[in-house]
Amino acid sequence: MSNNLRPGMLLCMGNPLLDISAQADDQFLKKYDLLPNNAILADAKHEPLYEDLIKNHKAEFTAGGAALNTARIAQIILKTVNVVVYMGCISDDEYGKILEEKARSDGVDTRFQYTHEKPTGTSAVIISKDGKSRSIVANLSASQMFTIKHIETPENKKVIENAQYFYITGYFICVSPDTALSVAMEALKNKKVSVLNLSAPYVCEFYHESLTKLLPFVDIVFGNESEALAFSKQFRLATECISEIALKMSKLHKYNESRKKLVVITQGDLPVIVADGSRVREFEVMKLPQDKVIDTNGAGDAFVGGFLSQLILQQPYETCVKCGIWAASEIIQQSGCALRADAEFSI
């Protein structure tokens, strides 16, 4: 791997969740009033679910949440430990300790903010016995408690000063928009690279004002087709053509005019759309036989992780996209957002 790599080059910020995954039958779903292939937020009736999975269903733990998935995948591909730093909020409880240990075991340098007000966020992933369906129950808890005070401490100011690339999810904007804006301003001031993921259609819809303030600072924007359509509607781009949306997004006002805004839109098994303000390119994805598709959860996070790993290595955008496609294709062939030990990207 490149000798140019050093600790702390990429700082990812998001909402950390401990993924608790296990196989269970239909009776388990009925017990907690769940549906297959669905994702919901936990309420009071789901509180016993997490311990139930752990004690009775041989659950596996993974450090999760969109930004942490991306951080882990980028770090694993880069192989040099601590190149990627991650910030988010957890509790100093049992789940928090497991989450931190899992993230660090992948080589990520974690700089968590801790809260005593809520427990560490968790995401239960209930897998059907045949492995073909997933039911997800997320309890966001501490992940939504991040505050800007965390980046104002002397040690974390140094982390931000040291980073060359900043990655922030739309989910994180919902939690701490002032932190996201502060980091983006740092990137602009020192000619560093600021990267944003739209994350979900509701971010475009309900956090329009925060996005409007942040976007002129951003160098690279990621999203999928549903997020692109939501963006077009909220920002009045007057088109539902994904290629046109990407191009129009890439032409939006940007403070650092020396670097074109890059917009990358994924579309599942359809081509990845990439626009840079002057043209649109399409990149075909790897189409796998259906029997090899095990779990599509985390594919988008893995795509961004692959892309960012090559961006840090100063590879051309074409290589970044190809690595993203490769990482996503690897992820969906197994359960959970993780790469095989022998998986290796090559140009």
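**Briefing: cavity, helix packing and overall form**

About 30 Å³ of space lies in the largest cavity of this predicted model. A cavity is, on a 1 Å grid over the protein atoms alone, a set of points where a 1.4 Å probe fits but cannot get out; its volume is the space filled by probe spheres set on the points, which are joined across faces, edges and corners. Local features need pLDDT of at least 70 and side-chain atom pairs count only at pLDDT 80 or more, while totals for chains, interfaces and linings use all residues. Residues are numbered from 1 along each chain as its sequence is written, and side-chain values use heavy atoms, without hydrogens and water.

**Cavity**
- The structure holds one cavity of 30 Å³ or more.
- The largest cavity is lined (an atom within 4 Å of a point) by Ile 168, Ser 194, Val 195, Leu 196, Leu 214 and Val 218.
- Strand E12 (residues 193-197) gives the largest share of this lining, three residues; strands (E, at least two residues) and helices (H or I, at least four) are DSSP runs numbered from the N terminus.

**Helix pair**
- Helix H12 (residues 299-312) and helix H13 (residues 317-331) have axes, lines fitted to C-alpha atoms over the stretch in contact, that come within 7 Å and cross at roughly 145°, an angle taken from 0 to 180 degrees between N-to-C directions.
- Residues in contact (heavy atoms within 4.5 Å) include Phe 303 and Phe 307 in H12 and Val 321 and Ile 325 in H13.

**Whole chain**
- The chain has 13 helices and 16 strands.
- The C-alpha trace of the chain spans about 55 × 50 × 40 Å along its principal axes.

Conventions:
On a 1 Å grid over the protein atoms alone, a cavity is a set of points where a 1.4 Å probe fits but cannot get out, and a pocket is an open set with protein on both sides within 12 Å along at least five of seven lines; lining residues have an atom within 4 Å of a point.
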